[in-house]
Amino acid sequence: MTTVELRGTPLRRVGNLARADVLATVGAVILAVIVLAALLAPWLAPYPADGGSATHPAEALLPPGADHWFGTDQVGRDVFTRILFGARTSLFIAVAVLGLAAVAGVTLGVVAGYAGGVVRDVIMRITDVFLAFPALLLSLALAVVLQPSVTTVIVAIAVTWWPWYARLTASVAQSVAGRGFIDAARCLGVPAPKIVFRHVLPNSLTPVLVQLSLDAGGVILTASALSYLGLGAQEPAAEWGLMVEQGQTLFTTDWWVVTFPGLAILVTAFAFNVLGEGLRAGLDPHRRAR
Amino acid sequence: MPRYLIRRLGQAVLVVAGVIALTFVIMRLVPGDPAVAYAGPKAGPAELAQARARFGLDDPVWTQLWNYVRDLFSGDWGTSLHTRQPVAHDLATAFPASLELVGAALIVAVLAGVPLGILAARYHTKFPDLSVRLSSMLAVSVPVFWLALAVQTLFASTLGWFPVAGEYDTRLDVTSPLHVYTNITAVDALLTGNWPILTSTLAHLVLPALVVAAYPAGLIAQMTRAALIEETGRDHTRMERALGFGETALLTRFALRPAAAPVLSLIALVFAYAIVNGFLVEAVFNWPGLGRYAADSIRSLDTPAIAGVTLLVALLYVVANLVVDLLQSLIDPRVRTR
Amino acid sequence: MTLMRVRDLEVRIGGRTISSVPSLDLGPGECVAIVGESGSGKTTALLATLGLVEGARVSGAVTVCDTDVLTAGPRRLRAIRGARIALVMQSPQAALNPAMRLGTLMRRALARHGVKGPAAKARAADAVAAVLLDEGVLRRYPHQVSGGQAQRFAIALAIALGAEVVVADEPTSALDVTVQAEVVAVLRRLREERGLAVLIVSHDLALVSSIADRVIVMKDGRVVESGPAAAIFAAPADPYTRELVAAVPELPPPYDPASPPASPPASPPASPSASPPASPPRTGGAP
């Protein structure tokens, strides 16, 4: 494996990582572009109104050209504009899901790993139960139960995603809790919560961060699949999965309506995946892909 | 070995109990009245009461859970609201079609993923490695529903190389009717020597199976590569090299076996995932499996049917994990004595 | 006859010399030990004799059984590895494939070098007996045998393949003291009975003195002293060697082969082509 020099200034560290893994660097650059596009969508978009419910029936289904780089959809909205606004939806969902799942999972995982014994067993069995439901499946069931919306998608995916972090953190916390300095702290009478926050938690964070970047791609794919099934974002919201669903019957005649949103999902998930993979290789070389 | 397996079995039973409880809880959360969904919007109070009594909706929660569990084990998975058939029966017809699709896809995924992983490990950090990494990353990043649409549009609708949708040409039901044994069409056709339906099924299977295979193939290639690279960094590989074995033999004849354990557990994990991913592909290719059944159930808020599908897939996941643990204890002798 | 001949071996990574050995000769039945602390470059030198150094520039000349290891192509290298020169590693169990029975490994290794069928069976049985192992170990997995058994099996692999040279990297440091003695006894017997040449790398002077004819002392990648084992242990010239020798409370009596045919350390076989077997004349310090 390529070993990476992890010393020196932060800038040099980033530079070393970049040279060590070209693919991950490409991912990071693509991701930076996507984040900027999402943040600046209202200013970058050529037709900001098309990010919402505007309609221009006269300009429906125009092929890609100088005025509309990615063409227009069934109601005449600029596809490029909607792709830019779609980035906001996707990134928002990813951040919200991973935030919720990580907070819940890390908390339970630290408790399980530090407490050990029966507490650990109970938490781990609950984790197993949730892990038995593939994310998309449980999300499907939940999305039916709740009303279809972006919030539903976030809740549904977060519910299926936290166990990964619980499991990961528990194993890290367990190994940290077994180390000498924790025993020493215990003997000195340091209260348990303080030990957890001072020592166990910080040691668990690197693997969790690596896992978060690896998972972001999966969350975006799952969210777009739910939207494609009509269980997520609703018209007139700009959401890539929804755009594919709305245009799917037009693939043979007006390819751009479906192709560009799909490519947007692919590129975003790809960027997250290669970046996460590179981070794992660079920061956490001993842990294998799960 | 028995001790270890008994412990694993005990864990699996606990997880199954949890899965059943969780499914029950989710289904209880459904807004709207299942009785209304069953009896229809125009039903009078008497009919509603009858429906409520029929589904035991007036009983206390614990009684309902108990009845639910009892019914599950006696094979009564409830009655689908939209097909008006027992859910167990619906699943028994839909599941084999999904199994056919996912089974074919996983065979493709293993046949493609493992050799690609070996190739990448053999030429680690060289061009073949980079191309395998790149293509496997693309394979796990592509939205499967979009890939299904793209492949269908290109190879079926436009080029006409493969059929657009369905499991086989249903006109063949007239000319050469199929005897059903396993409900897996390809297998039944093979068993009964029904060549027209067999070839038609295989032709219909190619595109959806390839699409479902993309994600697992990418994952398997990545995992095989990583496990092999890790294994070749170990002492025993140096020893084997010092015995005169070439680099390719080191991978295929020595490193592959100890590296198989993580790849195998991945395949189990991916199996359940592929079934669910298959839902989306089934929808696009109109494949008569669980996915289409689930989609119809979702549209009609068919709670018992959705619960049935959810439960079935979760149980599959638990079983697949158990099977993998068993296989691992056969492959890796260290697990047995653990 | 020289089985292994090393001249001006130098291994460099990024311009830094991590190991250099000016001269080393090994004849049948002889044993040379490279001694030094960890990081002294002794293991690197050992791996270089197998052509197994990776990611570094290796210069000089290493001849093993008439093959120049440093210039030979991969095919030629694979042909001599195992069959002429075999490796014994430090942690015996980690050196064996965890998912493979010892017998399977033995069978594959023999088949790799063209020995199959009944001949392979006979060779395996003979080799296992030569290292005083029961044939039953062939049906075991690495985790089912002890460290000493695993180490002796590694030696048995070399015997089965007909290797004339065994290079051993700290072959006893991962073993219990009693088990160490077993492994040393096996190596000594094979030297005497089969004329096996042994290149051993170790930091354990007691082990070295009990088995080696000649000793090369390394520090920071360089040879600081070399010569007959008895002489070096009796009167170390280099300060570093003196320190090493002084650190060992009591050395066992130096190796003294009972059978005269095996070349004794003090009186090398006089052969015109062979270089002076007492290796290079003792150098006072680092070259």
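Q: How many residues sit between β4(C) and β5(C) in their hairpin?
A: There are 2 residues between them. One thing to look at in that turn is C:Cys65, which has a positive phi of about 50 degrees. Keep in mind that this is a predicted model.

Q: Okay, and how many bridges join β4(C) to β5(C)?
A: 2 bridges, with the strands running antiparallel. β5(C) covers residues 67-68, and C:Asp68 there is the bridge partner of C:Thr63.

Q: What does β4(C) pair with in the case of β1(C), parallel or antiparallel?
A: Antiparallel, over 7 bridges between β1(C), residues 4-13, and β4(C), residues 57-64. If you want a pair to click on, C:Arg12 stands opposite C:Arg57.

Q: And which residue is the bridge partner of C:Arg7 in β2(C)?
A: That's C:Ser23. β1(C) and β2(C) pair in the antiparallel sense too, over 9 bridges.

Q: What order do the strands take in that sheet?
A: The order is β2-β1-β4-β5 in chain C, an open sheet of 4 strands with antiparallel pairing. β2(C) and β5(C) each have a single partner strand, so one side of each is left without a neighbour in the sheet.

Q: Then there's the 6-stranded open sheet in chain C. What is its pairing and order?
A: The pairing is mixed, and the order runs β6-β7-β8-β3-β9-β10. At the edges are β6(C), residues 85-88, and β10(C), residues 222-228, each pairing on one side only. From one strand to the next, the twist averages 15 degrees.

Q: Do β7(C) and β8(C) run parallel or antiparallel?
A: Parallel, joined by 5 bridges. β7(C) is residues 165-169 and β8(C) is residues 197-202. C:Asp169 stands opposite C:Val201 there.

Q: Switching to chain B. How many helices and strands has it got?
A: 15 helices and 0 strands. Its C-alpha atoms fill a box of roughly 85 × 55 × 35 Å along the principal axes. Buried residues make up 46% of the 338 residues in the chain. Taking contacts in chain B between residues at least 6 apart in sequence, 70% join residues at least 24 apart.

Q: At what angle do α12(B) and α14(B) cross?
A: Roughly 170 degrees, and their axes come within 9 Å. The two helices are therefore roughly antiparallel to each other. On the α12(B) side the contact includes B:Ala261, B:Leu264 and B:Phe271, and on the α14(B) side it includes B:Leu316, B:Tyr317 and B:Val324.

Q: Now the neighbours. How many residues of chain B are in contact with chain A?
A: 44 residues of chain B, against 36 residues of chain A. α7(B) gives the most to chain B's side, with 7 residues. That side has 34 nonpolar, 8 polar and 2 charged residues.

Q: And how many residues of chain B are in contact with chain C?
A: 20 residues of chain B, with 25 residues of chain C. The largest share of chain B's side, 7 residues, comes from α11(B). By class, the side touching chain C has 8 nonpolar, 3 polar and 9 charged residues.

Q: Which residues touch the most other members of the largest nonpolar core?
A: B:Ala148, C:Ala156, C:Leu157, C:Val165 and C:Val166, out of 287 residues in that core. The element that gives the most to the core is α12(B), with 23 residues.

Q: What does C:Leu157 touch?
A: Leaving out residues up to four places away in sequence, C:Leu157 touches B:Leu243, C:Ala86, C:Met106 and C:Ala109.

Q: Last one. Is A:Thr253 buried or exposed?
A: A:Thr253 has 9 other C-beta atoms within 10 Å, so it counts as exposed. You'll find A:Thr253 in the loop between α10 and α11 of chain A.

How values were computed. Residues numbered from 1 in each chain as written. Chains lettered and ligands numbered in written order. Predicted model: local features only at pLDDT ≥ 70, side-chain atom pairs only at ≥ 80, totals over all residues. Axes fitted to C-alpha atoms, helices over the stretch in contact; angles between N-to-C directions. Parallel < 35°, antiparallel > 145°, perpendicular 65-115°, else oblique. Contact = placed C-beta atoms within 7 Å. Nonpolar A, V, L, I, M, F, W, Y, C, P; charged D, E, K, R; others polar. Pairing = 2+ DSSP bridges. Buried ≥ 20, exposed ≤ 12 C-beta atoms within 10 Å, placed from the backbone. Core = buried A, V, L, I, M, F, W, Y, C linked by C-beta atoms within 7 Å.
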